Amino acid sequence: MTEPDRPIPVSPVLAGQVPLYREQGQAQPKAIRGQFRTLKWWATILLLGWWHLGPFLRWDRGEGAPGQAILVDMVGRRAYFLDIQIWPQEVYYLSGLLMIAAISLFLMSALAGRVWCGFLCWQTVYTDLFQGVERLVLGDRNARLAFRRAPWRVGKLLRQALVVAGWMIISALCGLCATLWFGDAFVLLAEIFTLTASSGVYFFIMLIGGFCFLLGGFARERVCVYMCPYSRFQSAMFDEHSLIVSYEAWRGEPRGNAPKNHDFSGRGHCVDCRMCVNSCPTGVDIRFGNQLACIGCGLCIDACNQVMDRLKLPRGLINYDSSANLAARAAHEDPPGRKLIRPRTLVYFALLALIGSVLLVTLASRPRTGVNIIHERSPLFIALSDGSIRNVYTYKILNKSRENQTYSFKIEGLQGGSVEVLGEKRQGNIIPLPVDKDSVGTFRVFVSAPVTVLQGGRQAVTFVLESKDGETLREDFLFIGPDR
């Protein structure tokens, strides 16, 4: 077999022939074996294994604390990740995680194209499962197409009902496992199956499961092509060294039927078998070039390699490589190779390192106690019979440690001022404030001072809180009175 003796233009057809919108049925991909198909199965097994078994992982946080390793406790208003506990007031950690996720996606795209879409996206994973159910019940591509064209009779109805039943089981498991991340998995699972869980739990299961059923069973590739915003801007994150699925048009064109004598001299290696199109989950013809509907799964590469093996031609007519290498081969030059380290990726690595370092430092150095002060606004102040002024505050202490604490509380900076806490007894100049472990203590604080200390109707006051291990929190606030 001989290689084509001249470079062929990369675009074998006019780009305008790629339709902007395709109003057709669901793609019916053919079952394919190969390297990329194996990678997809492994990605599916790992992702679904984590999704379904992750809530059951245990982590000992001590008596009275949740024992689930990763938990978003909606009732207790906490999020737990191993030994890290996030309070609602620390929502900025969530912002940091979202930034890391976004930059990781940019880095992933710059390095390996739409590898997220092809292997890791939940839409891809569940659509693959739903198509697997169809393949198991109805057969491979040709059998499924014949099934769709067949008239509706009892046999067809029963087989379609069996497919839908499989979809519903998968969707129900998806919704069920999504719920288990938000409560103790063992307890919540028992409540769900004994019908003692709250109505909100069942609604959440039906909501997540319903979307899984609709998107994986019916919308499928339309989610990737028309609904997902990532497909619209993903090309902006590519450069000439990003790895993408590409058709080697210089080698494949001009295409034609396979010659009986296997003589490919003077023509391309593409035999127009459409195996690449028939195996694509989104129905893309990669020979048109890079398209937003291509999710980069590489199944077309596996399909084409099978054809090349049968024809005893070199593999790689459809390849997972950079456009720089593709252009070099088209010009019969030495490809530059895969360049993983380049300015774009270095910027992404630097941003990830910076944000990750900030999160780690703040987590390691964050105090175990938090304070929130709310001034009573109705009224702002009270004039007492002795001529002094009183302000009322709601003083909240967040005890983030896993042991009960008794804090020492006092005020400073208010000349002649005094403080009382409703229900708590003073011990000298200090008022002890007990707060249970991993909870919020709420206290009503009364601060009084002579009206003569006020300047312009207000004066600064400092609330001082000290824990038994020496941690001290000082919060400056305003003491308000009449403007004299």
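The legends below describe close-up views of a predicted model. Local features are taken where pLDDT is at least 70 and side-chain atom pairs count only at pLDDT 80 or more, while totals for chains, interfaces and linings use all residues. Residues are numbered from 1 along each chain as its sequence is written, and side-chain values use heavy atoms, with hydrogens and water left out.

**View 1**
A nonpolar core is a set of buried Ala, Val, Leu, Ile, Met, Phe, Trp, Tyr and Cys residues joined through side-chain atoms within 4.5 Å, where buried means under 20% relative accessible area, exposed means over 50%, and partly exposed lies in between (1.4 Å probe, protein chains only). The largest such core has 33 residues, and those with the most contacts inside it are Val 245, Ile 318 and Tyr 320. Helix H1 (35-53), helix H3 (115-120), strand E4 (243-247), helix H12, helix H13 and strand E5 each supply at least two residues of this core, and the largest share, 6 residues, comes from H13. Helices (H or I, at least four residues) and strands (E, at least two) are DSSP runs, numbered from the N terminus. Leaving aside its neighbours within four places in sequence, Val 245 is in contact (heavy atoms within 4.5 Å) with residues including Ile 286, Cys 294, Ile 301, Ile 318 and Tyr 320. A second, separate core of 27 residues includes Ile 389, Ile 397, Val 451 and Phe 479.

**View 1. Strand E9 and its two partners.**
Two strands pair if DSSP finds at least two bridges between them. Strand E9 runs antiparallel to strand E11 (residues 431-435), to which 5 bridges join it, and Thr 406 stands opposite Pro 434 in E11. Strand E9 also pairs in the antiparallel sense with strand E13 (residues 458-466) over 5 bridges, with Ile 411 opposite Phe 463 in E13.

Strand E6 pairs with strand E8 (residues 388-399) in the antiparallel sense over 7 bridges, and the bridge partner of Asn 372 in E8 is Lys 396. In the loop between E6 and strand E7 (382-383) lies Pro 379, and the peptide bond from Ser 378 to Pro 379 is cis, with omega near 0°.

**View 2. Two residues with positive phi.**
Most residues other than glycine have a negative phi, and most peptide bonds are trans. Arg 220, in the loop between helix H8 (199-219) and helix H9 (221-227), has a positive phi near 50° and is buried, with a relative accessible area of 1%. Lys 312, in the loop between helix H13 (299-310) and strand E5 (318-322), has a positive phi near 55°, but counts as exposed at 68% relative accessibility.

Asp 184 lies in the loop between helix H6 (154-180) and helix H7 (185-193) and Arg 58 in the loop between H1 and strand E1 (70-73), so the pair ties together parts that are 126 residues apart in sequence. Glu 90 and Lys 400 form another salt bridge (2.9 Å, N to O), which links parts of the chain 310 residues apart; Glu 90 is buried at 2% relative accessibility, and Lys 400 is buried at 19%.

Methods
Salt bridge = Lys/Arg side-chain N within 4 Å of Asp/Glu carboxyl O.
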